[in-house]
Amino acid sequence: MRVFLGRLFAIGCVALVCVLTNCTQQAPVVIPEETCAIDLVTVVSFQQDVVPILQSKCYECHAANGTFAFVLTLDTYSGVKSKVDDGKLRPAVSHEPGATPMPYQRERIPSCQVKTIQKWIEQGALNN
Ligand code: HEC
């Protein structure tokens with residue numbers, strides 16, 4: 001009987017923890033930082049892979065109507081390419097020395113997004 005009550009108590013505890021931590025929902029799959037979807041992409045596409053990142057993280061300030069459009073616009077290929085050519089884009093997004101870290105005074109963008117931009121630059125920053 002004591003063993004039974006002990007087990008019941010244990011099960012009760014687990015159930016309580018479940019309710020408190022919402023463990024009935026499927027646990028999110030944790031993708032290690034090193035593994036990115038872009039690793040599986042042979043040729044990184046400017047339009048498909050890079051533009052969506054810039055759109056969500058940079059256009060607010062660097063689109064034609066953005067807050068800092070007078071500094072730089074990144075909503076055209078030529079605008080982005082100019083920052084590849086002067087070597088500023090890569091350090092800006094990776095927060096390495098060589099450029100003001102971007103997005104300005106904010107957290108660095110997720111490492112898979114940094115990796116996507118780096119891979120695109122390494123492949124020649126094509127307008128593809
Ligand atoms: C909140 C506004 C804001 C956002 C969002 C933002 N920037 Fe900037 N960006 C700035 C400002 C302000 C400057 C000028 C900073 C300076 O010259 O020190 C700048 C300058 C730059 C420069 C030139 C840096 C240099 O050292 O010459 C690059 C490249 C750049 N941004 C890229 C990006 C990219 C890529 C993103 C998105 C990942 C981004 N920015 C998001 C405000 C922003």
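Where is Pro103 found? I found Pro103 in the loop between H5 and H6.

**Ground rules.** I am working from a predicted model, in which local features need pLDDT of at least 70, side-chain atom pairs count only at pLDDT 80 or more, and totals for chains, interfaces and linings use all residues. I number residues from 1 along each chain as its sequence is written.

**Overall fold.** I counted 6 helices and 0 strands in the protein chain, and the pattern along the sequence reads α-α-α-α-α-α. Helices (H or I, at least four residues) and strands (E, at least two) are DSSP runs, numbered from the N terminus. Of the 128 residues in the protein chain, buried ones make up 16%. I call a residue buried if 20 or more other C-beta atoms lie within 10 Å of its own, exposed if 12 or fewer, and partly exposed in between, with C-beta atoms placed from the backbone. I also looked up contacts, meaning pairs of residues whose C-beta atoms, placed from the backbone, lie within 7 Å. Among contacts between residues at least 6 apart in sequence, 48% join residues at least 24 apart.

**Loop between H5 and H6.** I checked the backbone here. The peptide bond from Met102 to Pro103 is cis, with omega near -5°. His95, in this loop, is not a glycine, yet its phi is positive at about 60°. Gln105, also in the loop between H5 and H6, has a positive phi near 55°. I noted these because most residues other than glycine have a negative phi, and most peptide bonds are trans. His95 is partly exposed because 14 other C-beta atoms lie within 10 Å. Gln105 counts as exposed because it has 7 C-beta neighbours inside 10 Å.

**Ligand.** I listed 21 residues around the ligand, of which Cys58, Cys61, Ala99, Met102 and Tyr104 come nearest. A residue is near a molecule if its C-beta atom, placed from the backbone, lies within 6 Å of it. Helix H3 (59–62) and helix H5 (89–94) each supply at least two residues of this shell. I sorted the shell into 14 nonpolar, 3 polar and 4 charged residues. For that sorting, Ala, Val, Leu, Ile, Met, Phe, Trp, Tyr, Cys and Pro count as nonpolar, Asp, Glu, Lys and Arg as charged, and the others, Gly among them, as polar.

Is Thr116 buried or exposed? Thr116 counts as buried because it has 24 C-beta neighbours inside 10 Å. Thr116 lies in helix H6 (residues 111–122). Beyond its neighbours within four places in sequence, Thr116 is in contact with Ile38, Val44, Asp49, Val50 and Ile53. From Thr116 to Asp49 I have 67 residues in sequence and 7.1 Å in space, C-alpha to C-alpha. Cys36 lies in the loop between helix H1 (2–21) and helix H2 (46–57). Cys36 and Thr116 are 80 residues apart in sequence and 8.6 Å apart in space, C-alpha to C-alpha. Cys36 touches Cys112 and Lys115, residues up to four places away in sequence not being counted. Cys36 is partly exposed, with 18 other C-beta atoms within 10 Å.

**Nonpolar core.** I define a nonpolar core as a set of buried Ala, Val, Leu, Ile, Met, Phe, Trp, Tyr and Cys residues joined through C-beta atoms within 7 Å. The largest has 15 residues, and those with the most contacts inside it are Val50, Leu54, Leu89, Val93, Ile117, Trp120 and Ile121. H2, H5 and H6 each supply at least two residues of this core. I followed Ile117, which touches Val50, Ile53, Leu89 and Val93, leaving out residues up to four places away in sequence.

Terms used
Two residues are in contact if their C-beta atoms, placed from the backbone, lie within 7 Å.
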